[in-house]
Structure formats: structure tokens, C-alpha cells
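Here's a quick briefing on the two ligand sites and a handful of residues in this model. Have the structure open while you read.

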Amino acid sequence: MTSGTSVRLGLTGSIGMGKSTVAAMFAEAGVPVFDADAAVHRLQGPGGRVVAAIEAAFPGTSGQGGVNRTALSEAVLGSETAMRLLESIVHPAVREERARFVADHADAPLIVFDVPLLFETGGEQAVDKVAVVSAAEPVQRARVLARAGMSEAKLDAILARQVPDAEKRARADFVIPTDVPLEQTRAAVAAVIACLQPPGGG
Ligand SMILES: CC(C)(COP(=O)(O)OP(=O)(O)OC[C@H]1O[C@@H](n2cnc3c(N)ncnc32)[C@H](O)[C@@H]1O)[C@@H](O)C(=O)NCCC(=O)NCCS
Ligand SMILES: Nc1ncnc2c1ncn2[C@@H]1O[C@H](COP(=O)(O)OP(=O)(O)OP(=O)(O)O)[C@@H](O)[C@H]1O
């Protein structure tokens, strides 16, 4: 690793596993975090630069507030062709935002990319190490099904498009558990930081 470049940690995990919670722990520890989902919300929000392309591809799925995610979700979930079309619009724009983030944090010893679809999009090629956030399936399902607008069918449609948790754990360099007390999750985050960013940045 030449000087001046950051160690890049990919942070991923299936729906409801705790990525956002763990990403916040990295941020609290002073590690710059790129949140891909937040980038998608910006890009799809009011004035977002992919709104016009999404409306052209999926007429009626946007309005004054940008993309109507409920309408868009109904238009694409369950259709592999439609989801791939949506991804072809959104993912390049996310990659551009990620490149800007890297340039803005060139001197940080460690940076984190919080990317839900890291393995699904080959994003692991762009990072040095991967940490997977994981919990037992019943815990995961209970969390997600407690969300407004979620259903068993929608959850299963999403999970069908995500690399299984067991495969993510096998391919990861680190596994961060979230079906444990928050302090244990926080300790796991600290251990990953200590491993990748030794004191003194050595
Ligand atoms: C499909 C959409 C409209 C659903 O929006 P909605 O607000 O209902 O759900 P939300 O965005 O919170 O996603 C819920 C869960 O689905 C997962 N998910 C989102 N997109 C995808 C996808 N293309 N493939 C598999 N899982 C996905 C997320 O990781 C999350 O765990 C939205 O997720 C979207 O625009 N996805 C395409 C862009 C994308 O691939 N985003 C993933 C992060 S890079
Ligand atoms: N260590 C933990 N102990 C208890 N609850 C946790 C822990 N970590 C995360 N959670 C809870 O799990 C739920 C899902 O967490 P979070 O929103 O971070 O998941 P996510 O992977 O970002 O979800 P999505 O993929 O849908 O965006 C939240 O209610 C969060 O409070």
C-alpha cells in the first residue's frame, strides 16, 4: 500500500442485517463512510440526476419529489429485466459519487464503503477487505417485516436478488454480528479498525 492511499473496507450485508447501524459505528470512530443507499436516495430525490432517466424507463414513477420509491418498487420487484434496467441507470451514477468520495478522502488511512450490493455488483474488486454484517435469519426477518410497507412477498423478492448471507460470510474477511448486544457489535467494529488501521497508521 503506497503512502497517501487509504485502506478501503467494503461493508455489506443482506437486508435488515444492520449495515446502517454498523456504518454509523465506523463513522463515530472517525472513519469516513460512503453510504451507497444514501447516494441512491439523493440521485432519486428532488432534482436528482437519475430521476428523468428513471421516469423515461418507468413512466409514472416520479413527481415533484423525485422518484416515488413505492411506485418504482412495484414496477421493478419481481421482474429481473426491469430491475437490471433500473440498476443500469442508477449504479453508474453511484460509482461516480463513490469516486468523488475517494478523491475527497485520499489522506484517510482507512475508508469504508457501505454498499448493500457489494458482492452482487462485483464491488469487492474495488476494495482491499470486506466486512459482512450478519444476524440469524429469524432476527433478520423479524426486523424487516416490522417495517411499514414490507411484506413476506416483498422480502422474499429482495432476498432472491441478494447473495445468500452464508455465502457473504464465507467470502468476507470480517463478520460483524448484530444479533448480539450493541456493545458487542461496537467491539467487533473496533477490532476491525485496529486490524486495518494500526495505531500510528503504520
Ligand atoms: C428497488 C427500489 C425502488 C426499492 O425501494 P424501497 O425504498 O422500497 O426499498 P429500499 O431502497 O429501502 O431497499 C430495501 C432493500 O432492498 C435492497 N435492494 C435495493 N435495490 C436492490 C437491488 N437492485 N437488488 C437487490 N436488492 C436491492 C436494499 O439493499 C434494501 O436492503 C430501490 O431499492 C432502488 O431504486 N433500487 C435500485 C438501486 C439499487 O440497486 N440500490 C441498492 C443499493 S446500491
Ligand atoms: N447489534 C444490534 N443489536 C440490536 N439491534 C440491532 C443491532 N444492529 C442493528 N440492529 C437493528 O437492526 C435493524 C436493522 O438495522 P439497519 O437498518 O442498520 O439494517 P440495514 O442492513 O441497514 O437494513 P437495510 O438493508 O434494509 O437498509 C435496526 O432496527 C437496528 O436498530
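Start at ligand 1: one of its nitrogen atoms sits 3.2 Å from a polar side-chain atom of Q162, a polar contact in the sense of a pair of N or O atoms within 3.5 Å (within protein, one must be able to donate a hydrogen and the other to accept it, and residues adjacent in sequence count only if both atoms are side-chain atoms). On its own ligand 1 exposes 750 Å², and the protein buries 88% of that; accessible areas use the Shrake-Rupley method with a 1.4 Å probe, and for residues only the protein chains shown count as cover. Keep in mind that this is a predicted model, where local features need pLDDT of at least 70 and side-chain atom pairs count only at pLDDT 80 or more, while totals for chains, interfaces and linings use all residues. Residues are numbered from 1 along each chain as its sequence is written, chains are lettered from A and ligands numbered from 1 in the order in which they are written, and side-chain values use heavy atoms, with hydrogens and water left out.

**Around ligand 1**

- There are 18 residues around ligand 1, and Q44, R69, E87, H91 and R161 come nearest; a residue is near if one of its heavy atoms lies within 4 Å of the molecule.
- The side chain of R69 puts a polar atom 2.6 Å from an oxygen atom of ligand 1.
- Q44 also reaches the ligand, with a side-chain N or O atom 2.8 Å from an oxygen atom of ligand 1.
- Those two residues touch each other as well: the side chains of Q44 and R69 make a polar contact of 2.3 Å.
- Q44 belongs to helix 2, residues 36–44; helices (H or I, at least four residues) and strands (E, at least two) are DSSP runs, numbered from the N terminus.
- Is Q44 buried or exposed? Q44 counts as buried because its relative accessibility is 6%, and the cut-offs are under 20% for buried, over 50% for exposed, and partly exposed in between (1.4 Å probe, protein chains only).

**Around ligand 2**

- Ligand 2 has 14 residues around it, and K19, S20, T21, R147 and T185 come nearest.
- Which residue puts a polar side-chain atom 2.7 Å from an oxygen atom of ligand 2? That's K19.
- Taken alone, ligand 2 exposes 640 Å², of which the protein buries 69%.
- Helix 1 (19–28) and helix 9 (182–196) each give the shell at least two residues, and helix 1 gives the most, with three.
- By type, the shell around ligand 2 splits into four nonpolar, seven polar and three charged residues; here Ala, Val, Leu, Ile, Met, Phe, Trp, Tyr, Cys and Pro count as nonpolar, Asp, Glu, Lys and Arg as charged, and the others, Gly among them, as polar.
- K19 is part of helix 1 and counts as buried because its relative accessibility is 10%.

**What the record says**

- UniProt, in an unreviewed entry, places a "binding site" feature at G16, M17, G18, K19, S20 and T21; its positions are given in the numbering used here, feature names are shortened, and annotations may be inferred rather than shown by experiment.
- Of these residues, G16, M17, G18, K19, S20 and T21 are included in the lining of the largest pocket.
- On a 1 Å grid over the protein atoms alone, a pocket is an open set of points with protein on both sides within 12 Å along at least five of seven lines, and lining residues have an atom within 4 Å of a point.

**A few other residues**

- P177 is in strand 7, residues 174–177, and its relative accessible area of 26% makes it partly exposed.
- P177 and V22 are 155 residues apart in sequence, with their C-alpha atoms 9.5 Å apart in space.
- R186 is in helix 9 and is partly exposed, at 32% relative accessible area.
- F34 is in strand 2, residues 33–35, and counts as buried at 5% relative accessibility.
- From F34 to A166, 132 residues apart along the chain, the C-alpha separation is 25 Å.

Conventions. 1 Å grid on protein atoms, 1.4 Å probe; cavity = no way out; pocket = protein on both sides within 12 Å on 5 of 7 lines; lining within 4 Å.
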